[in-house]
There are 2 protein chains.
Amino acid sequence: MASELPEDLKPSNEESWSSGGTADILPRERALASFDVDKMSAALYGGADGVKRRRFILMPAASMVYPEKYEWTREEMMMHSIEDFIAIHKDFVEEGYRPERDEVGWMSEMATQTGPMMPHMGLFISTVMGQGSPQQVMAWLPRALNFQIIGCYSQTELSHGSNIRGLRTTATYDAETEEFVLSTPTLGSMKWWNSDIGCVATHAAVYAQLVIHGKEYGLHVFMVQVRDENHMPLPGVEVGDVGPKLGDQAIDTGYLRLKDVRVPREHLFAKRQHVEPDGTYVRHVKSKDPKAEQLAKRASYLTMMQARSGMASIAGGKLSIACTIAIRYSAVRHQGFSDAQEGQTFKAAENPVIDYQVQRYRLFKHLAIAYCMRASGNWMTSAISELSQAANATDDGDLDAKTQDLVNAMPEIHACSAGLKGYCCKIAFDSMEDLRKCCGGHGYLANSGIGLLAADFVWQVSAEGDWVVLLLQTGRYLMKARKDAMQGKPLVGLTACLEPLRRPDFVPASRRPREPSSVQAVMDPAYLLALFEFRTLATIVKVGDRLDACINKGLAFDKAWNQCAVSIKAAAEIHIQYFMLRNFLDVIRRETDENCVEVLQQLFCLFGLQNIVEGQGWAGILSADLVSLAESGIEQLLESIRPNAVALVDAFDIPDRVLNSTLGRKDGNVYEALYDAARNSSLNKKPVFEGYERVLRPHLDLDFLKLRGGVCDELNSKL
Amino acid sequence: MASELPEDLKPSNEESWSSGGTADILPRERALASFDVDKMSAALYGGADGVKRRRFILMPAASMVYPEKYEWTREEMMMHSIEDFIAIHKDFVEEGYRPERDEVGWMSEMATQTGPMMPHMGLFISTVMGQGSPQQVMAWLPRALNFQIIGCYSQTELSHGSNIRGLRTTATYDAETEEFVLSTPTLGSMKWWNSDIGCVATHAAVYAQLVIHGKEYGLHVFMVQVRDENHMPLPGVEVGDVGPKLGDQAIDTGYLRLKDVRVPREHLFAKRQHVEPDGTYVRHVKSKDPKAEQLAKRASYLTMMQARSGMASIAGGKLSIACTIAIRYSAVRHQGFSDAQEGQTFKAAENPVIDYQVQRYRLFKHLAIAYCMRASGNWMTSAISELSQAANATDDGDLDAKTQDLVNAMPEIHACSAGLKGYCCKIAFDSMEDLRKCCGGHGYLANSGIGLLAADFVWQVSAEGDWVVLLLQTGRYLMKARKDAMQGKPLVGLTACLEPLRRPDFVPASRRPREPSSVQAVMDPAYLLALFEFRTLATIVKVGDRLDACINKGLAFDKAWNQCAVSIKAAAEIHIQYFMLRNFLDVIRRETDENCVEVLQQLFCLFGLQNIVEGQGWAGILSADLVSLAESGIEQLLESIRPNAVALVDAFDIPDRVLNSTLGRKDGNVYEALYDAARNSSLNKKPVFEGYERVLRPHLDLDFLKLRGGVCDELNSKL
C-alpha cells in the first residue's frame, strides 16, 4: 500500500493547486496490455502457485510501511531492521520453516530494510549448518534460528580479502589447556567488513589459519563469542563499526581484533575434521567411494555457490524494482511540446517521456535485462538446490545415477554461478543507475525509491567475490573446456558449443551462421541464439590461441594468464550473455500462454539486438549491414513493447511499500507524493536552519531585507 | 595535509600490531617516473604560472581539514559549507577579485564542501550580471558578492524542467500598482530543485511567463525576495528543502510556491527589455548591426554555455580525484600470492593489485580519459571566455574581424559545449564509479574519499541539461552541418570533416584510412585521429541518410527525428570523442618537454585504442585483425604507462585535504588511516547501540552468553 496522501492534496485528472493531474495516466496505460498480468507473474515466479507462495512469504511484512525511512539515522535504520526482521522470521521459525529455492531471494529483494540480521541468517547460519558437526549444529542452530545468539561471518581482513588462503588470523592450538588461541597478529590482519559485528553480533564464525605444534594446517572456522551477556566485548576482543558507507547503512559491518582470545577445542567447526586433545589433526572420511568424496569436497563450496546464485537472483529482483519505478514514472512524466510551434502558448500539451525513443530504448533494454536475469537466476537457483540435496544425500550413502550426473555437471555450474553473479551484479547496478538517470532530477531524491537503490545494492558487485575475479574464474573454466574439446574429452552443458574444436583443422569462420537479409530474420530467436553461440566459440578460440602463444613464448602460466586477462574477462562476459539468452529461451519455450510468449519473445530479441549494437567481441563477425538490420529491429521492438510496458512491470508484482517510491507508486500520483514527502522532510522541521545566527545572519544586509517591496525606491533613486 | 595519525599507530615498512607496513610503497613508485611531475602539472594547468595561480586560489582553504566530515548530518554539512565558502571568498571579493577561466572550476573541483553558496555565486550572480540593467547590477551585485543577500536561481518546476518554454509560473502585470503578481498556479508549477532556496536564500531570480493585459510575452526573470530580515518566508511564499538525496547533501535544493506575490515593476531583470508603467513592453536594441544583434541574442545563451563548460571541466577535475585515490591505493594494496604453490605458507608474498592486467587496464583507461577531459575542458573554457568578451564588446560598439570569426564559430562551440558537458559528465561518473569498484570493498566506505565522490557528483549528469538532451542538441547541429556540406555551404571547425559530402557521388568507404599492419602503426596518433574522423563522417552519413529516409516516407520532422534518436545520440557521442581526441592532440603538440610528450602520447593512444575495442559505431569500419592489433597495442601501453602511474596522478596536484581519503593519502599509509577513521566513527561512540535493550536483548539467551569459555560443557554433554 502506498502511503496515504493528506487532505489538502487531491489527485485528479486535472492540474490544480492541490492536484498534479496525473491520476488517469497509469490506468489508461494498463488498459493497453495485450496479456494477462497474473499469467505473466506466474511465468516469472514458477507458476500461479509460485506467485501465491511469494505473496504468502512477503505477507508478514505487509504492515511495515515506512515512507519516512529516507530520513532515518543509521541507528534508527539498524533498530528498525532488527525489530522487523525478527518479527517477520520468528513465526516462520517457530513453525519449523526452512526457506527454499527462490524464497530467501524474494525476502531479500523485498526487504524494506537490509540490516544486521540478514548476514546472521544467510551467512552465519549457513556456516553452522554446512561446517558444524551434528553436535555443534544441535547446540548452535536452534539458538541462532531463535535469535538467542547473533552470529557474524568473520572472514575478510583489513588487508586481505579475495585471496582467502592468504588470510593472516591464526588459531594456535594449546594442548595443555585444550584450547585454540586466536589472534589477529598485525594491523592488516584484523577482521574487517565483517557483516554484523560492529554493534550487534554476540558470536563470530572466525576463519583462521590453524597451527598445531608449529605446523600450518590451512584455513579453518572457529566459533568465537565476542560479546558478553551485557553486550560488552569479551577480554582480548576489540570490535566496532567500520564507518559510514556509500549505501546499505543499516548494517553494522565492522572490524574485530583478537589478542590471544582462547576458545575451547570443541569450537573448531568439526563437520570435516577435528583436533584430538593431544593436537592430532583428524580428517573425517565418510564414504569410501572416491566420487562421493569428491562431491563432498566440492559441496564445501556449496555455501558460497548458494550465496552467489542468491545474489544473482537478488540482482534481478532489485533491477525489477528500478524498472517498475522508472517505467511508471516515464509514463506519468510529460516533457517537451508535442507539436512545437512559434508563438504557441506555454500551456501547450507535452509528450510523455516514455515516447522519446532514447528514453524508451533505455527503459525497455533494462526491462529485457531484468526479465532475462530472472530466468537465469531461477535456473541457477534450482540447479544448486538439486546439487545441495545430492551432496547431503552422499553424506549418508552411495551415489545413484542422477547424483553422478550432478557430480559431472558441478564444475560447469560452479563456474557459471561465479560468472553469473559477477556479471549480473555488475550490469544490474549499471542498469539501475541508468534507470535512475532516466528519472531525471527527481531520480536523485532519496524518496524516489530509485535514488539509493543502486547505492544500497552496489556492495554486492564487490562482496562474496569481486565481479572481475569471478568472471576470470569462469574464464579459467572456459579455457579448460577449450583444452578438453581439443583433446576430445566430453563437454558438459553449454561448453558443447566448443565441440567443433575436436577437429584440429577447425576454422571458426566456418561455423558462422548465415547472415540474414531481413529485419524479421534477424529477430528469429534461433538465429540470435546461434549467433551468440558462434561469438562465444570464436572468442574462446581467439583468446585461447593468444594464451597459448604467450605460453609458447616461454611465459609462466600465471604471467601468460595475466597478460591475456582483459580478453579472458571479456570472453567470460560473452559466454555468460550466451548462457543468459539460452536460459531465457528455455523459459519462453516452456510457457504455454500465447499472449505471454509473444511479449517475452520481444524482450528476448531486444536483449539480443541491443547487445549486437552495443556489445563487445563482434568485430569480424558482424557486417555493417547486419548492425543496421539490428538497429531497425530495435526500432520495431520499441514500438511493439510500448503498449505493454506498464503491464510488464506490474507483473513483477512489487508492492508499493517495497518500492517506497514517490515516483513509482501504482496509482501514478507522483507530484502529490513528491510534495508531501518534501514537506515532511527533516530539514523543514525547524523554522530557521541550524547555524543561521552564527554563519549567515552576521553577513546579511538586514536593513535592505526590511525594505521588501520598497526595494524599488533604491533602484529608482539610482536610475 | 593528511590528518595526523594517533600515537598508537606507527606506519613503517613492516607489518606489525601498529603498522600496515606500506610506508615505503609510494616513495618507491615515485622513483620510477620518467618525467618531472611539476612539468606535467604545468602541462595540465596552463604552464608553471597556471600551477602557481591554482595553488594560490586554493590557499585560503588550506586549513580546512575535515577527516570527520563523512559523519556529519545534513545540517552540519550546510553550516560548515556556508562558513567556509564565505571565509574563502570574502578576501578575494574585498580585493575586487573576479574569477577567470579555469579558476571557478578549480575552486569547485577542490571544494571539500559543496553547498548553498556555490549556486549563489555561480548561477545567481551570473544571472544578475548577465540579465540585469546597469542600475539593477549596481543595486544587487555588490550585496550578492558580499553575502548581504543570498540568491537562488529559480527556474525548474516540479513537473517542468528541460522544456523551459513550457514553464508554468506566471508574472502578471498590474498597471494600477505597477507591480508584477507572481504565482505558481498549480501543484506541478511550484518551483522545485531550486539550488539554495530550501533554507538559505533571501532572494530568488524567478523565471516566469510574463503576461501583460492578457497577452503572453514568454519567459522572463524577476527578482523576488523570499525571506525577511528574520529569515522567515514573506507572505504568499512557501519554501522548503525537497528532501535527502543520493549525494551532495550539503545543498538545500528546495521548492518555492508563490501565491499572488507582488514585486515592483523594477524587479523584472531589465538588460534586454523593460515594461513601462502603462504595461508597454519595450525591447532594448543597442546596435544597428544585425550581426551584433545576432551575437547579443546568442550571448544570452552564454550564461548557460559557461555553466556547461564549467561542468565539463569539473567532471575532469572530479575524475582526477578518483584516479588519484584508485591508482595510489592499487599500488599499496596487495592481493593474491605472487607465486602460488601447493603447500606454501599463508604468509607468502602477494602482488600489488595494480599489476593485475584487468585492474591496470581499468585504472589507466580512466586516467587517459581524465587527461583527455582536462584538455577538452581547457579548450572549451578558453573558447567561451573569448566569446563572452566579444559579446560584451559588442554591447558598446561595432564588430571587428576577430569578433566576426567568433560569431561564425559560435554555433559550433554552442553545440559542442552541450555535447561535451553531456558526454563528459556521463563518462566521468561511469569512470569514477568503476574506479570506486577498483578499490574493492574499501571503496564502499565513505572515508575512502571515492565512495561518495560519484554519488555527490552525479546530479551534474542530469542538471543544467540532461546528458541525453544535450547530446541530441549536438546531434541536431551535426545533421544541419551535413546538409550544409551537401549544399556546399562553408563548414566550421571540426565539421570540416564533412567536406567530402560536397560531392554528390561521395561514398564514405572511399575515405577510410588505409588499415595498418603493425601494432606500432595503429598507435600512430595521426592514424588514430584519421580513424576517428572517418568514423564521425561515416556515422553522420549513415544516420543522416536514415533520417532523410524517414522524412521521405512522409513522417513529420519531429517524428522522423524521434525515430532515429538512438542513432543520432550515438553519432553525437562519436563526434564528441573525436573532438576530445583532437583537442588532446593539440595540447600534446604544444607541449615542449619531451619526457612529458612521450607519456602524454601513450595516454592519447590508450584513449583511442580502448574506444576501438569497446566503443560503438565501428561495425564495417574495423576488421577483426585491426581489433587484435589494438588489443596488442593496449597490452604494450599498459606496460609502458605502469612505472609512471603514481607520478601521473601526483601531477594532478590534489592536496590530501581535498582527497580526504583513507585510501588515497599521499604517504600511502592506508591501513592505519582506515583503522583510525573506523575507531572514530559515530556508531562506535556508545558502548551499546541504540535500541539494544528493546529490540535485541529480550531475544538473547543470556544464560548461554554467560557461559563463555564454558560452552564446551554443553557441547560435551551432547557428544
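Predicted model: local features only at pLDDT ≥ 70, side-chain atom pairs only at ≥ 80, totals over all residues.

Is A:Asp248 buried or exposed? A:Asp248 counts as buried, because its relative accessibility is 5%.

**Backbone angles**

- Most residues other than glycine have a negative phi, and most peptide bonds are trans.
- A:Asp248 is not a glycine, yet its phi is positive, at about 50°. This residue belongs to the loop between strand E9 (237–241) and E10 of chain A.
- A:Phe147 is also not a glycine and has a positive phi, of about 60°. Its place is the loop between helix H7 (134–145) and strand E3 (151–154) of chain A.
- A:Phe147 counts as buried, because its relative accessibility is 0%.

**Aromatic rings**

- Over all chains, the whole structure holds 32 aromatic pairs.
- One of the pairs is edge-to-face: the rings of A:Tyr255 and B:Tyr675 are 5.7 Å apart, centre to centre, with 90° between their planes. This pair joins two chains, because A:Tyr255 lies in strand E10 (residues 254–258) of chain A, whereas B:Tyr675 lies in helix H23 (residues 670–679) of chain B.
- Both partners can be described by their accessibility. A:Tyr255 counts as buried at 3% relative accessibility, and B:Tyr675 is buried with a relative accessible area of 2%.
- A tilted pair is formed by A:Tyr371 and A:Phe652, with 5.0 Å from centre to centre and 40° between the planes. A:Tyr371 is in helix H10 (residues 357–396) of chain A and A:Phe652 is in the loop between helix H21 (645–650) and helix H22 (656–659) of chain A, so this pair ties together parts that are 281 residues apart in sequence.
- A:Tyr371 is buried, with a relative accessible area of 2%. A:Phe652 counts as buried, at 0% relative accessibility.
- One aromatic cluster consists of A:Tyr173, A:Phe180 and A:Phe222.
- Rings also meet charged side chains. The charged end of A:Lys259 sits over the ring of B:Trp17, at 4.4 Å from the ring centre. In chain B, the charged end of B:Lys426 sits over the ring of B:Trp467, at 4.8 Å from its centre.

**Salt bridges**

- Side chains of opposite charge can pair when their charged atoms come close.
- The search of the whole structure gives 87 salt bridges over all chains.
- A:Lys483 and A:Asp548 form one of them, with 3.3 Å between the closest N and O atoms. These two residues link distant parts of the chain, 65 residues apart: A:Lys483 is in helix H14 (residues 467–486) of chain A and A:Asp548 is in helix H16 (residues 525–552) of chain A.
- A:Lys483 counts as partly exposed, because its relative accessibility is 35%. A:Asp548, in contrast, is buried, with a relative accessible area of 19%.
- B:Arg328 and B:Asp650 meet in a salt bridge of 2.8 Å, N to O. B:Arg328 lies in helix H9 (residues 302–332) of chain B and B:Asp650 in helix H21 (residues 645–650) of chain B, so the two tie together parts that are 322 residues apart in sequence. Both B:Arg328 and B:Asp650 are buried.
- B:Asp355 and B:Arg360 form a salt bridge of 2.6 Å, N to O. B:Asp355 counts as partly exposed at 25% relative accessibility, whereas B:Arg360 counts as buried at 8%.
- In chain A, salt bridges with shared partners join A:Glu29, A:Asp355, A:Arg360, A:Glu639 and A:Arg642 into one network.

**Interface of chain A and chain B**

- In chain A, 179 residues are in contact with 179 residues of chain B.
- The two chains bury about 15,600 Å² between them, and 59% of this area is on carbon and sulfur atoms. A:Trp17, A:Phe346 and A:Tyr444 supply 6% of the area that chain A buries against chain B, more than any other three residues.
- Across this interface there are 18 salt bridges. A:Glu83 forms a salt bridge with B:Arg694, the closest N and O atoms being 2.8 Å apart.
- The interface also has 64 residue pairs in polar contact. Helix H4 (residues 74–94) of chain A provides the largest share of the side of chain A that touches chain B, namely eight residues.

Terms used: Residues numbered from 1 in each chain as written. Chains lettered and ligands numbered in written order. Heavy atoms only, no water. Phe/Tyr/Trp six-rings, centres within 6.5 Å; stacked < 30°, edge-to-face > 60°. Helix = DSSP H or I, 4+ residues; strand = E, 2+ residues; numbered from the N terminus. Buried < 20%, exposed > 50% of the residue type's maximum accessible area, 1.4 Å probe, protein only. Lys NZ or Arg CZ within 6 Å of the ring centre and 35° of its normal. Contact = heavy atoms within 4.5 Å. Buried area = accessible area lost by both parts, 1.4 Å probe. Salt bridge = Lys/Arg side-chain N within 4 Å of Asp/Glu carboxyl O. Polar contact = N/O pair within 3.5 Å; in protein donor to acceptor, adjacent residues only side chain to side chain.
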